[in-house]
Amino acid sequence: MDKTDLKSLTIEELKDEIAAIGEKPFRAGQIYEWIHVKLARDFDEMTNLSKALREKLKESYTLHTGRIVRMQESKIDGTRKYLFALSDGCVVESVFMRYHHGNSVCVSSQVGCRMGCRFCASTLGGLERNLLPSEILDQIYAISRDTGERISNVVVMGTGEPLDNYENVLRFLHLLTCEGGLHISQRNVTVSTCGLAPMIRELAKEKLQITLALSLHATTDEKRRALMPITDRYHLDEVLSACAFYHETTGRRMTFEYSLVGNVNDTDEDARELSGLAGRLGAHVNLIPVNPIKERDYVQSAKGRIEAFKNRLEKNGINVTIRREMGRDIDGACGQLRKRHLDEEHRGE
Ligand code: SAH
């Protein structure tokens, strides 16, 4: 029989579980604290539990702790990229970034991805499997332990489409932000989606105070389809109306992510149309100079073009930032480190 994944349980579920094995209720609180506050990786670290109880827990439960197989630290800005091996040998990557407002971790939500965005390295090998809530959490816990530093911001922007793993990601968000755990403020959590319209509506109904980021990247279905095949399933008007619903229901301002690709989506006309869409929703625009991957021939827009694009949005009253490139020297873009690792394994290195 499969062991129960203890780290994915809420405190209420853990209490039921502990009662069912005949232990006192306060044990549940102790175990929860060991897992989610003291970030224990092993039952033997739980030193205020008796040896007998620890053995009993080992028999029926698992803690799903990923093993760090690679870590690269940027010499430029201290950004760290981690590659974790999961219990079944799958690998996922996460990024640790230091900002003036605190430390941020970017987590993966799936092993691989099936959304097929043309410029993205994470999707090249397709989707392998969904990550469990515990496996998403553990990326943050492992990094927190490894750096010894507090993590105040989390972005679900690594490999995978979070809304394609909806139930697990939702549970992860609850565990991450609940009072008895790391208790990260919902306002400091961002979930990024390529635009699964029905799931955006579902998420809105949860009324979380997280920030939802839509990967827009183009302002017409025709242009967007060339970059993001998901456009065929959910047209822009459907996605944007789901975003409007999200904004109205949660009161949270949306972010539009817009990766600038040279000569593809960076004209003045594109900036004008983007201003219209962002203006209507009061959305913040985050411009990302595309990070070229060797499998495709997309190039970054020229520096001057990026500035002109930004200025045009600002003139139209749009709140816009250019994403600072972090860890340029360490395969910073989504899925690049994992991809390189898998390629090397394939070649038997
Ligand atoms: N599946 C989610 C999260 C993925 S990645 C989503 O689509 O939003 C987070 C952001 O990085 C997305 O906006 C994604 O489109 C973008 N991105 C991925 N690869 C990129 C690259 N090579 N250059 C620039 N942006 C990229």
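Modeller: Let's start in helix H3, where Lys58 and Glu55 both sit, three residues apart, or about one turn of the helix. Helices here are DSSP runs of H or I with at least four residues, numbered from the N terminus. Keep in mind that this is a predicted model, with local features needing pLDDT of at least 70 and side-chain atom pairs pLDDT 80 or more, while totals for chains, interfaces and linings use all residues. Residues are numbered from 1 along each chain as its sequence is written, and side-chain values use heavy atoms, leaving out hydrogens and water.

Lys58 and Glu55 form a salt bridge, with N to O at 3.0 Å; the term means a Lys or Arg side-chain nitrogen within 4 Å of an Asp or Glu carboxyl oxygen. Side chains of opposite charge can pair when their charged atoms come close. Lys58 has another partner too: a salt bridge joins it to Asp44, the closest N and O atoms being 3.0 Å apart. That pair links distant parts of the chain, as Asp44 is in the loop between H2 and helix H3 (51–60), 14 residues from Lys58.

How open are these residues? Lys58 counts as partly exposed because its relative accessibility is 25%, and the class lies between buried (under 20% relative accessible area) and exposed (over 50%), using a 1.4 Å probe and protein chains only. Glu55, at 31%, is partly exposed, and so is Asp44, at 36%.

Now for the wider setting. The chain is assigned domain 1 (4–62) and domain 2 (67–348), with bounds from an automatic or database domain assignment. Between the two domains about 1,200 Å² is buried, 51% of it on carbon and sulfur atoms; buried area is the accessible area (1.4 Å probe) that two parts lose on being put together, summed over both. On the domain 1 side, Lys7, Leu39 and Arg41 lose the most area to domain 2, together 44% of what that side buries.

Four salt bridges cross the interface of domain 1 and domain 2. Helix H2 (residues 26–36) gives the largest share of the side of domain 1 that touches domain 2, with three residues. Elsewhere, Lys7 meets Asp138 in a salt bridge at 2.7 Å, N to O. The count by this rule comes to 28 salt bridges.

Technical notes: Helices (H or I, at least four residues) and strands (E, at least two) are DSSP runs, numbered from the N terminus.
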